[in-house]
Amino acid sequence: MITINHENLLDLKYLASKIFDPLEGFMIYEDFKSVVYDMKLKNGSIWTLPITLEVENLNSYTIGSIRDLYYKNELIGNIHIEDKFQVQDKDLFEIYQTKDLNHPGIKKEKSKSSFKIAGKIQLKEEFYQDSLYKNILQDIFSKKNKEVKTIAGFQTRNAIHKAHEHLQKIALEICDALFINPLIGWKKEGDFTQEAVMNAYKIMFEEFYPKNRVFIQGLETNMRYAGPKEAIFHAIVRKNAGCTHFIIGRDHAGVGDYYGVYEAHKLAKELNPANELGIELLLLKEPYFCSKCQEIVSEKVCSHKDTHKISISGTKIRKALIAGEIPDERFMRKEVAQTLINLGVNNIFIKD
């Protein structure tokens, strides 16, 4: 018997529903090593982040055995143990491209056991039947809008502001539909809560976006804050959901100043020169408000970056919301901001 936590359950759901295709279970060591150091599974498929199951010790587990998985004292499935191994600090440093133990991804991993077991899993259907599943978007849009052939995916962990809105509108011009897929697993202190993110988007859906071309559902996985590698991971997951395109913006999945603002673009070009990922990556520049143009632009369409750029500041948005004030309307729609303020400050941001 193995007791799993909520984070493990999220991984199990997507292994079972094929959102983590081609994975069929938690990674054996050879796959883990190949992913960490080469960003590929041992079969050659591009995959950039390890998916593992931690245990308290390795001596209790025999390779070749089948162990039941329990969540909150309920049997949910099983794992056929094919391997067991220990993750080293050097592996974490390679995953996150830093040796800083304060990096939230490393800090999170260090809080867990370094011992891992691996193998194919089986999960009872009732535990993943409401999750995203492979090609779910084709099923959704076959009912919602039969003309939809191309779908752009958008990853976010924040309530929508004008920069995100700008990127999403570009995607809607390029593609037939937009899939907004907010991450609703573990996030660090200070990030927007799931309730805040979903309520903000509810306003956009009700009042601004074309209902037959936009769909939203949460991505139940943990935020790793792994920057460029996580950007590619996010793209693969959205391809499995049925997206044909995926937006990678400024400092995608980054945190602090650990990664260059367009490192994810660089990695995307290196890994996907011939569309090996099977999804077209929309590598979009940072939107900002230009006081000369008097609109949201990017450096690709505006010549005033060095003289009239007003960054859409997440920090300023947060400060205003905490104070119960509507942020600068160049940064966030007042309707969205008021919805967040109505939630109450204690429900907007994650506390430790």
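In which sense do strand E11 and strand E12 pair, and over how many bridges? I started my notebook with that one. E11 covers residues 245–248 and E12 covers residues 280–283, and I found them paired in the parallel sense over 4 bridges. Histidine 245 sits opposite glutamate 280 in E12. A reminder to myself: this is a predicted model.

I looked up helix H9, residues 263–271, next. Together, E11, H9 and E12 make a β-α-β unit, and I noted its hand as right-handed.

**The whole sheet**

Then I asked myself: in what order do the strands of this open sheet stand? I wrote down E10-E9-E8-E11-E12, which is 5 strands with parallel pairing. E10 (214–216) and E12 are at the edges; each has a single partner strand, so one side of each has no neighbour in the sheet.

E8 (residues 151–156) and E9 (residues 177–182) pair in the parallel sense over 6 bridges. In this pair I found glutamine 155 opposite asparagine 181 of E9.

**Helices on the sheet**

Which strands does helix H8 touch? H8, residues 228–241, packs on the sheet and touches E8, E9, E11 and E12. Its direction makes about 155 degrees with that of E11. H9 packs on the sheet too, touching E11 and E12, and its direction makes about 150 degrees with that of E12.

**Two helices crossing**

I moved on to H2 (residues 29–38) and H3 (residues 89–96). Their axes come within 8 Å and cross at roughly 45 degrees, which makes H2 oblique to H3. From H2, the residues in contact are Phe32, Val36 and Tyr37; from H3, they are Lys90, Asp91, Glu94 and Ile95. Sorted by class, I get 4 nonpolar and 3 charged residues in this contact, with no polar ones.

**One residue up close**

My last stop was glutamate 7, in helix H1 (residues 6–16). Is glutamate 7 buried or exposed? Its relative accessibility is 17%, and the cut-off for buried is under 20%, so glutamate 7 counts as buried. I listed what glutamate 7 touches, leaving out residues up to four places away in sequence: Lys108, Lys112, Trp186 and Asn222.

Technical notes:
Residues numbered from 1 in each chain as written. Predicted model: local features only at pLDDT ≥ 70, side-chain atom pairs only at ≥ 80, totals over all residues. Heavy atoms only, no water. Axes fitted to C-alpha atoms, helices over the stretch in contact; angles between N-to-C directions. Parallel < 35°, antiparallel > 145°, perpendicular 65-115°, else oblique. Contact = heavy atoms within 4.5 Å. Nonpolar A, V, L, I, M, F, W, Y, C, P; charged D, E, K, R; others polar. Pairing = 2+ DSSP bridges. Right-handed = clockwise from strand over helix to strand, strands pointing away. Buried < 20%, exposed > 50% of the residue type's maximum accessible area, 1.4 Å probe, protein only.
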